[in-house]
Amino acid sequence: RFTVSRNNPHKKVLSFAPTFPSSSLLITRLRLVLLRILLRGGKKETSAMAPLRRAASAAAVLLALTGLFLLVLSPADAATAAVEGGELRMKQSDGGYSYNSTLAHILVEYASAVYTSDLTSLLKWTCPRCEGHTKGFQMIEIIVDVEKCLQAFVGVAPDPRSIIIAFRGTQEHSASNWIEDLFWKQLDVTYPGMPDAMVHHGFYSAYYNTTLRHEILKSVQWAWKTYGRLPINVVGHSMGGALASFCALDLSVKWGSHKVQLITFGQPRVGNPAFAEYFNEQVPRTIRVTHENDIVPHLPPYFYYLGEWTYHHFAREVWLRETIVGNVVTRNETVCDCSGEDPTCSRY
């Protein structure tokens with residue numbers, strides 16, 4: 001475990017190669033069809049559907065055991081999907097806070113940059129992904145946990161003028177095993193202070209029980225002392241989105257929700273309905289961006305009939321999808337309802 005700090009540039013630097021392979025759209029569609037058959041909530045199962053559900057269950061098990069569950073969107077793909085223009089359809093607003101498409105287009109670049117393997121270029125903000133809307137970003141600290149394969153950074157952005165905390169998602173060599181684990185993972189930790197709120201142990205421990213939390217809190221306090229009480233934007237992609245969620249909750253409870261904003265891209269579920277409700281109260285300035293071809297937001301599975309014993313997304317989701325009419329492809333951004341599990345968005 002070590003950190004790379006602008007104030008101490010002589011610390012050891014380690015490079016990773018967190019690149020992701022492209023996945024077949026056909027396989028992606030198959031996974032989503034299987035998941036929709038398995039996870040569809042709120043509908044009675046007919047006798048005709050039973051064989052289909054059993055077949056889908058067997059196929060899902062086969063996919064999991066053979067390691068075919070791969071991340072669908074790479075960090076670059078996620079950035080492309082988020083920054084390309086589309087039609088915005090507002091369905092609801094939440095206490096005066098609504099989705100800011102321009103802000104999401106900027107913050108996704110930080111969620112992509114944190115995957116950079118060359119930590120020297122990341123520290124100096126000269127990496128290939130350190131361009132565009134993020135020009136002028138001042139790095140404070142890069143935190144790396146080698147044992148847990150975790151990476152994050154803290155810095156100050158010129159626009160929007162704020163502290164940026166970004167978490168890296170899963171590396172290529174562990175992506176298949178990680179998604180397979182998500183498919184079967186049980187709720188196994190009670191969130192402190194909330195006896196009914198259950199969360200995923202791996203995500204919880206990756207933030208609270210590693211060097212990440214201590215270094216992030218220290219860097220935020222240093223930034224406030226140096227630059228003033230700037231607001232905080234927390235971002236992450238895939239597993240990094242799960243870690244970003246726990247970080248945003250931690251900061252909101254510690255310093256107030258008015259200081260913290262969370263935007264994640266393709267994150268999995270992290271807790272049960274009680275935790276989702278608690279999260280919505282503590283971190284109301286939250287957006288989860290999902291993509292129609294990404295399997296990760298469907299995991300761990302949601303089972304409506306298990307009540308508090310199932311995983312449940314917190315609000316608010318923004319769903320990215322494409323519609324094709326003839327030769328015209330339209331990219332759409334749909335702001336979903338405040339339930340966290342809008343059946344007309346990624347869970348349709």
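Does Ser 238 count as buried or exposed, and at what relative accessibility? Ser 238 counts as buried because its relative accessibility is 1%. Buried means under 20% relative accessible area, exposed means over 50%, and partly exposed lies in between (1.4 Å probe, protein chains only).

This is a predicted model, in which local features need pLDDT of at least 70 and side-chain atom pairs count only at pLDDT 80 or more, while totals for chains, interfaces and linings use all residues. Residues are numbered from 1 along each chain as its sequence is written, and side-chain values use heavy atoms, with hydrogens and water left out.

Stay with Ser 238. Ser 238 sits in the loop between strand S8 (232–237) and helix H9. Helices (H or I, at least four residues) and strands (E, at least two) are DSSP runs, numbered from the N terminus. Ser 238 is not a glycine, yet its phi is positive, about 60 degrees.

Cys 149 also has a positive phi, about 55 degrees, without being a glycine. Its loop runs between strand S3 (138–145) and S4. Cys 149 counts as partly exposed because its relative accessibility is 26%.

Now follow the chain into H9 (residues 239–255). H9 packs with helix H8 (residues 211–227) at an angle of about 50 degrees, and the axes are 12 Å apart. That makes H8 oblique to H9. Axes are lines fitted to C-alpha atoms, for helices over the stretch in contact, and angles run from 0 to 180 degrees between N-to-C directions. Under 35 degrees counts as roughly parallel, over 145 as roughly antiparallel, 65 to 115 as roughly perpendicular, and the rest as oblique.

Which residues meet here? From H8 they include Leu 212, Ile 216 and Trp 224; from H9 they include Leu 243, Asp 250 and Trp 255. Contact means heavy atoms within 4.5 Å. The residues of this contact divide into nine nonpolar, one polar and three charged. Ala, Val, Leu, Ile, Met, Phe, Trp, Tyr, Cys and Pro count as nonpolar, Asp, Glu, Lys and Arg as charged, and the others, Gly among them, as polar.

Two cis peptide bonds remain to be located. One runs from Asp 159 to Pro 160, with omega near 0 degrees. Pro 160 lies in the loop between strand S4 (150–158) and strand S5 (161–167). Another joins Ala 315 and Arg 316, with omega about -5 degrees.
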